[in-house]
Every structure is written in C-alpha cells, then in structure tokens.
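Have a look at the model first, then read the points with it open beside you.

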Amino acid sequence: MDLVWTLCVVVSVCAWFASAERHSVYWNSTNPKFLWDDYAVEVKLNDYLDIVCPHYPEGEVPSQDAERYVLYMVEREDYDSCKPQSYDQMRWECGHPFAPHAPEKFSEKFQRFTPFTLGKEFRQGESYYYISKPLHHHGQECLRLRVDVVAADGSQEARVATGGGAGGVAAAAGAGGGVHNPTNRLPAADDPVVILPEVQKSVRTNSAVTAAASLSLLSLLVPFSLLLLLH
C-alpha cells in the first residue's frame, strides 16, 4: 500500500510540473501590447504570471529617464479609470532599472488556496486587474493588464458577470484585493515624489533556475521510488 501511495505522489508531482505554465509580461511603455485598451492574458489555476520590469544596460539612458513603476492589483472600476484607491492595493515596485545581471521579475501564482496569510487566492472564471503608476515622471501614462483565469479547456463559462447587483460588486472587490477605506486613501495628486510604504521587492529568478530546481526534485523522487520497488 505504501508503494502504491508513493507512486501516486510521484505521478502527481510530475503531472503538476508538466501542467503549470508561465506567462511573461514585459511591463514597460515600449511593449506594443500596452497600446491596446484590452491587453489580457489567459491563465489556468496553478499557472504563473511573470512581470518583467524595465531594464537597461548601465549608461544606456540617463537615470532620470529610466522607467520605474509601482504596480497595483485593483478592482474593475479602478482598472477602468487607471487610478488606484488605497495603499493596500500595492503589489510590487519596479525600482531597479539598472539591475546588474537581469531585469527585476515578480511572479504571481494563480492558485485556489494559499498557506500564507497575506497571499492571494484566485478563482476559475474570474478576472483580475493590474495597473501601474510611473515613478520616473509626473505624467498620466497608464499601463494596465487584465488576467482571466480560465478552465483547463480554455472555456470561461464560470466567469462572474461584472456589475449588476451586490453579488457582482462583492466579487469584484474580492478580485481586486485592495478594498478602499478613507484612512488609507492615496493622495489625489499624481505626483510620484510621495513617500511610499514598504512594498514587496523582487527576487531575481529566471525560468532556467526554476526548471533546474524542478528536475532536481524529480531526480530525487524517481530513485527513491525505485528503491521502494526493489524492496
């Protein structure tokens, strides 16, 4: 029985690594996809969204011209207006455009449950919204992204309709994560020279490192299973 259970675990882990996909979004004003008003990415549960921050070789552009952003996960109405409402909606800060080895990168895992108190939980059939405010100038530049969590077959049948009643409003509030209240409202001005609270910094990783870690785990599990079979 233990052998059967072990084999099931190995098969499940292999299937999990094979099914999860990564979707990269290059968050900068030169990305032509941001010229569309409806830039959207479709993900499935357990997929990853990788936000790749602006990056420049040292000395290529003046420091004051290098793009820097604070990203927010917001509700639908904030996405439509491209204006965050509260500090609670802050997600990441792209603040190191001259990082020495690689661009800053942030990863969002679209999982149904999370063991972390401050982690986000996502539901199939719903949409989630990201916008940014520039830190490198005082302009009104709006970069925004919609992420649709679809079923394994790509359908969106379970999507919650937007608007039209308290249920839709509650769902939108849950999707955005940052609920507005007057005590943490952002300043009305779009001045980027405001003192921002501590936000999550990136851990610079790349897909090659992730793949290597996955292969290492599988290389440990497979010999262990074979040993159990021999005994």
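1. Let's start with a disulfide: cysteine 82 is joined to cysteine 142, with S to S at 1.9 Å. A disulfide here is a pair of cysteine sulfur atoms within 2.5 Å. The torsion about the S-S bond of cysteine 82 and cysteine 142 is about 95 degrees, so this disulfide is right-handed. It ties together distant parts of the chain, 60 residues apart: cysteine 82 sits in the loop between helix H2 (76-81) and S5, and cysteine 142 in the loop between S7 and S8. Cysteine 82 is buried at a relative accessible area of 13%, whereas cysteine 142 counts as partly exposed at 28%. (Buried is under 20% relative accessible area, exposed is over 50%, and partly exposed is in between, using a 1.4 Å probe and protein chains only.)

2. A word on what you're looking at. This is a predicted model, where local features need pLDDT of at least 70 and side-chain atom pairs count only at pLDDT 80 or more, while totals for chains, interfaces and linings use all residues. Residues are numbered from 1 along each chain as its sequence is written, and side-chain values use heavy atoms, with hydrogens and water left out.

3. How many disulfides does the structure hold? There are two. In the other pairing, cysteine 53 and cysteine 94 have their sulfur atoms 2.0 Å apart. The torsion about the S-S bond of cysteine 53 and cysteine 94 is about -65 degrees, which means a left-handed disulfide. This pair also links distant parts of the chain, 41 residues apart, with cysteine 53 in the loop between S3 and S4 and cysteine 94 in strand S5. Both ends are tucked away: cysteine 53 is buried at 4% relative accessibility, and cysteine 94 is buried at 2%. Counting bonded cysteines along the chain, the pattern is 1-3, 2-4.

4. Now the overall layout. The chain has four helices and eight strands, and along the sequence they follow α-β-β-β-β-α-β-β-β-β-α-α. (These are DSSP runs numbered from the N terminus: helices are H or I with at least four residues, strands are E with at least two.) Of the 231 residues, 36% are buried. Among contacts between residues at least 6 apart in sequence, 75% join residues at least 24 apart; contact means heavy atoms within 4.5 Å.

5. S2 and S8 run parallel over five bridges, and glutamate 42 stands opposite aspartate 148 in S8. S4 and S7 are antiparallel, joined by six bridges; there, methionine 73 has tyrosine 130 in S7 as its bridge partner.

6. S1 and S3 pair in the parallel sense over five bridges, and serine 24 stands opposite aspartate 50 in S3.

7. Next, the inside. In soluble globular proteins, nonpolar side chains tend to be buried together. The largest nonpolar core has 23 residues, and Val25, Trp27, Leu49, Ile51, Phe110, Tyr130 and Leu145 touch the most other members. S2, S3, S4, S5, S7 and S8 each supply at least two residues of this core. Apart from it lies another core of eight residues, including Val74, Tyr79, Met90 and Tyr129. (A nonpolar core is a set of buried Ala, Val, Leu, Ile, Met, Phe, Trp, Tyr and Cys residues joined through side-chain atoms within 4.5 Å.)

8. Last, a loop residue. Glutamine 124 lies in the loop between strand S6 (105-109) and strand S7 (127-134), and is partly exposed at a relative accessible area of 37%.

Technical notes. Two strands pair if DSSP finds at least two bridges between them.
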